[in-house]
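Try each task before reading its solution.

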Amino acid sequence: MTADAMRSTKAGAKPKAPSPRTTSRQKAASAPVAKKVAAKKVVAKKVVAKETVATPPAARKAPVRRAATKKVDAAQLVQFYRDMMLIRRFEERSARAYTEALIGGYCHLNLGEEATVVGLMSALRETDYLFTNYREHGYALMRGIHPNHAMAELYGRVDGVSKGWGGSMHMFDMTHRLLGGYGIVGGQLPLATGAALAIDYRGLDEVVMCTMGDGTVNIGAFHESLNIAALWKLPVVFVVINNGLGMGTTVDKSSAEPEAYKRAAAYQMASERVDGLDPVLVAEAAQRAVASARAGQPFLLEVVCERLRGHSVVDPAKYRSPEEVAKVVKLDPVPALANRLVKEKILTAVQVRHIDEEETARADAADAFARASAVPDVSTLFDYNYATPVANDSRRRPGDPLFPVIPRYNVEVAR
Amino acid sequence: MTIKTYRQALHDTLREEMLRDESVFLMGEEIGVFEGSYKITAGLLTEFGEKRVRDTPIAEEGFTGAAIGAAMLGLRPVVEIMTINFSLLALDQIVNHAAKIYGMFGGQAKVPLVIRTPGGGGQQLGATHSQNIELYYAFVPGMKVVAPSTPADAKALLLAAIRDDDPVLFLENLALYNTKGDVPDDDTPAEIGKAKITREGHDLTLIGYSRMAYVARNIAEALAESEGLDIEVIDLMSLRPLDRATLVESVKKTHAAVVLEDDWLTYGIGAEIAASISDGAFDYLDAPVRRVAMAEVPMPYSKNLESAAMPTNDDVINAIFQTLEAVGRRLKKIGQSHD
């Protein structure tokens with residue numbers, strides 16, 4: 001089952017939405033055993049059952065909930081659009097820089113995930129923390145990290161957000177409380193749980209959000225972390241960003257329970273699933289999840305979105321048929337929101353284009369800044385060996401001997 | 001000075017550090033209600049409560065990772081992993097996260113974490129519960145690994161580990177918990193990264209850590225009495241960083257070395273020490289560096305086979321005698337037991 005098929009198994013009617021895609025995809029289900037769910041449970045009156053593909057029975061019977069129907073703030077929508085556009089242009093610039101060999105290693109982009117990113121991040125306070133995975137450029141930008149410093153990190157420069165030590169997968173900024181991009185699938189989950197433990201230990205009202213991909217729900221750390229978080233009632237929101245593909249493997253082929261939010265039932269944890277192509281729905285769901293966590297009830301939120309390109313910039317994604325790709329392109333949340341803004345007369349087409357130009361300019365400026373930033377000096381290679389200096393810390397370069405090599409003709413054995 | 005067991009020294013140090021610093025707390029399996037599998041944390045739950053003495057689910061990856069996350073936010077968790085064998089379940093969190101976070105993020109987050117865990121063998125616990133795999137952690141930049149062999153060093157190194165801002169694997173040993181020794185009453189931490197010469201001598205350098213440092217001291221004393229040998233003993237204390245200079249300086253004086261280790265020989269800690277001595281004291285060596293290590297088998301259960309797989313005092317004495325003979329010394333007795 002593709003992410004698209006999963007979305008199409010559910011629906012809630014939402015009046016007057018501009019895109020037929022977005023209208024048919026506002027849904028979320030509450031965990032049946034949740035002790036204390038932040039948002040009220042509302043069972044949708046009608047489930048659109050477009051189940052032409054092999055949908056597991058469990059998915060069909062899922063309790064479906066309508067998203068809260070608050071009046072959408074026009075200024076908020078415009079801000080979402082601006083933010084999504086920044087991520088879009090930043091990521092396109094990254095892809096280009098990769099082909100120009102300005103970026104090395106792996107490089108995973110948020111293309112197609114923009115609505116999810118801005119919706120999720122809008123629900124966090126400045127004092128809240130984010131732990132995320134290696135597809136994190138957009139999240140870094142939305143935490144308030146300047147595009148220049150994000151791009152400089154991609155280029156491995158001293159002005160990078162992690163000073164050139166992390167790269168694409170490991171952006172980190174304590175000031176903006178982005179506690180890491182992590183490259184190991186599932187690695188961030190125990191850490192996020194522990195950060196929430198520290199918040200709880202100190203009696204603060206901060207929240208930790210921990211995002212992951214759909215493939216992560218099958219790793220042991222997922223189970224161990226959700227269990228501990230629920231057991232100790234830690235202020236953490238786990239977010240599964242389900243784009244239907246873990247690299248090239250579909251959710252169907254990797255998850256015995258393809259609807260990730262249902263896993264929460266095993267921990268008596270509140271959960272819901274939301275359409276990740278609509279930033280407003282994502283934001284509302286994230287607010288419910290964050291409120292729950294802040295009240296001491298951890299939450300599992302599943303956001304269903306699309307991945308416009310391959311797993312990383314070097315992946316041509318040949319495992320997708322041209323039809324699938326065409327479908328995904330049609331679902332692109334960025335033009336969808338542009339159309340909505342124009343259709344609802346919030347912005348004119350010219351204004352929409354102007355935002356695009358401004359954000360494109362910021363991405364270009366980030367590239368220029370990153371190019372101009374220095375590469376780290378080799379003399380700094382051992383600057384971060386240890387936080388507490390320690391005796392006999394090794395500062396040996398690969399070709400150095402451990403002890404000075406004395407030419408044979410100078411050897412005098414002291415006997 | 002107070003005479004205490006290694007166990008008591010650990011217990012008292014944990015307690016004192018918890019009293020001193022509110023951010024120090026304990027996590028692990030069975031450390032609270034059960035008072036610890038080896039009773040190191042006995043009484044601490046009653047004294048400090050569940051917030052600071054946290055019984056965890058059986059989930060090494062989850063709770064070790066949670067401790068790392070809590071440390072990133074400035075707490076000072078002391079995790080107990082019941083035995084080092086179970087640390088394998090937390091390997092990703094220790095190696096890929098605890099050891100990496102400070103450097104990988106350009107020094108922005110510290111991980112002031114202590115992982116206490118005993119190694120061991122000889123308790124008839126079979127293949128999966130008798131390993132000495134501290135090497136896995138000593139291999140990794142970003143980690144600090146310490147291994148005290150006396151109650152006094154247990155206290156001093158635990159103080160250092162808890163007050164250190166880096167992840168420290170604190171290696172204990174099942175066979176040492178009941179050993180006794182003088183423990184200073186003041187709270188002066190040891191210096192991590194430094195080895196200690198525990199007995200000065202000129203005939204040969206005998207090197208060990210944890211249980212094998214204890215064995216080395218006892219054998220050196222016994223051989224001084226029975227054979228008149230003057231053996232220098234070095235307790236590594238710290239496996240990462242490794243104090244190579246102390247080893248090399250000693251061998252420059254004694255011209256011979258025997259390394260004792262409770263892990264497997266191939267690629268083991270002794271291999272690193274032998275290579276370091278070769279690098280730093282090649283021209284001073286009068287015999288190859290000898291290693292005494294575990295037989296390379298999964299540890300058998302049957303006592304007879306288990307004993308055969310572990311280094312005995314006779315094994316150590318034979319290695320010392322053979323090394324001295326290779327140097328050119330004639331010795332009277334070989335292979336006498338000094339148990």
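**Exercise 1.** Why does B:Glu50 count as exposed?

*Solution.* The model is a predicted one, and the answer comes from counting neighbours. Start by finding the residue: B:Glu50 sits in the loop that joins α2 (44-48) to β3 (53-55) in chain B. Next, count the C-beta atoms inside 10 Å of B:Glu50, which gives 11. A residue is exposed when that count is 12 or fewer, so B:Glu50, with 11 neighbours, counts as exposed.

**Exercise 2.** Find the contacts of B:Glu50, setting aside neighbours within four places in sequence.

*Solution.* Two residues are in contact when their C-beta atoms lie within 7 Å. That leaves B:Gly32 and B:Leu45 as the partners of B:Glu50. For a distance check, take B:Val146: 96 residues separate it from B:Glu50 in sequence, and 28 Å separate their C-alpha atoms in space.

**Exercise 3.** Describe the side of chain B that touches chain A.

*Solution.* First, the head count: chain B brings 48 residues to the contact and chain A brings 43. Then look at the helices of chain B: α3 (60-72), α4 (91-98), α5 (101-104), α9 (244-254) and α10 (269-281) each supply at least two residues. The largest share, ten residues, belongs to α3(B). Finally, sort this side of chain B by class: 20 residues are nonpolar, 14 polar and 14 charged.

**Exercise 4.** Summarise the fold of chain A in numbers.

*Solution.* Begin with secondary structure: chain A has 14 helices and eight strands. Of its 415 residues, 54% are buried. Last, take the contacts in chain A between residues at least 6 apart in sequence: 76% of them join residues at least 24 apart.

Note on methods. Residues are numbered from 1 along each chain as its sequence is written. Chains are lettered from A and ligands numbered from 1 in the order in which they are written. This is a predicted model: local features need pLDDT of at least 70, side-chain atom pairs count only at pLDDT 80 or more; totals for chains, interfaces and linings use all residues. Helices (H or I, at least four residues) and strands (E, at least two) are DSSP runs, numbered from the N terminus. Ala, Val, Leu, Ile, Met, Phe, Trp, Tyr, Cys and Pro count as nonpolar, Asp, Glu, Lys and Arg as charged, and the others, Gly among them, as polar. A residue is buried if 20 or more other C-beta atoms lie within 10 Å of its own, exposed if 12 or fewer, and partly exposed in between; C-beta atoms are placed from the backbone.
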